[in-house]
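Visitor: Please walk me through this structure, one feature at a time.

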Amino acid sequence: VQLQASGGGLVQAGGSLRLSCAASGRTFSSYIVGWFRQAPGKEREFVAAISRSGGSTYYADSVKGRFTISRDNAKNTMYLQMSSLKPEDTAAYYCALGTGQYHDPTVYAYWGQGTLVTVSS
């Protein structure tokens, strides 16, 4: 499985961005989907995840109410809609596919290359 993330860019605080991540292969719906981010000098952290069917979603407290994760299994694509962005959201964002505990990066077997989000104040 290969993942291709897109949609990052420069946005002012309070603005919005939508990240996409397209997956190759025919087993996309077998995996939970997660988004993680890593700011310069910091460890990678969990942002959001969604169950195989899309019926359950999970968010880090820092993004709850501002970010929305979704997936389209027919298109092998996952999304992260980000609103009310803050400068502290600046990071490289990574999409991933995995099984297990959604917040644990070690359960994700496949990772995208990362897309950079920069939020200016």
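Guide: Start with the charges: Lys and Arg count as positive and Asp and Glu as negative, with His and the chain ends not counted. Each charge is placed at NZ of Lys, CZ of Arg, CG of Asp or CD of Glu. Here the mean positions of the 11 positive and 7 negative charges lie 8 Å apart.

Guide: This is a predicted model, in which local features need pLDDT of at least 70, side-chain atom pairs count only at pLDDT 80 or more, and totals for chains, interfaces and linings use all residues. Residues are numbered from 1 along each chain as its sequence is written, and side-chain values use heavy atoms, leaving out hydrogens and water.

Visitor: How many helices and strands does the chain have?

Guide: Helices (H or I, at least four residues) and strands (E, at least two) are DSSP runs, numbered from the N terminus. The chain has 0 helices and 11 strands.

Visitor: What radius of gyration does the chain have?

Guide: The value is taken over C-alpha atoms, and the globule rule is 2.2 Å times the number of residues to the power 0.38. For 121 residues a compact globule would have a radius near 14 Å, and the 13 Å of the chain agrees. The C-alpha atoms fill a box of roughly 40 × 25 × 25 Å along the principal axes.

Visitor: Is Asn76 buried or exposed?

Guide: Buried means under 20% relative accessible area, exposed over 50%, partly exposed in between (1.4 Å probe, protein chains only). Asn76 is buried because its relative accessible area is 16%. Asn76 sits in the loop between strand 7 (67–72) and strand 8 (77–82).

Visitor: Which residues does Asn76 touch?

Guide: Contact means heavy atoms within 4.5 Å. Not counting residues up to four places away in sequence, Asn76 touches Cys21, Ala22, Ala23, Ser24, Gly25 and Phe28.
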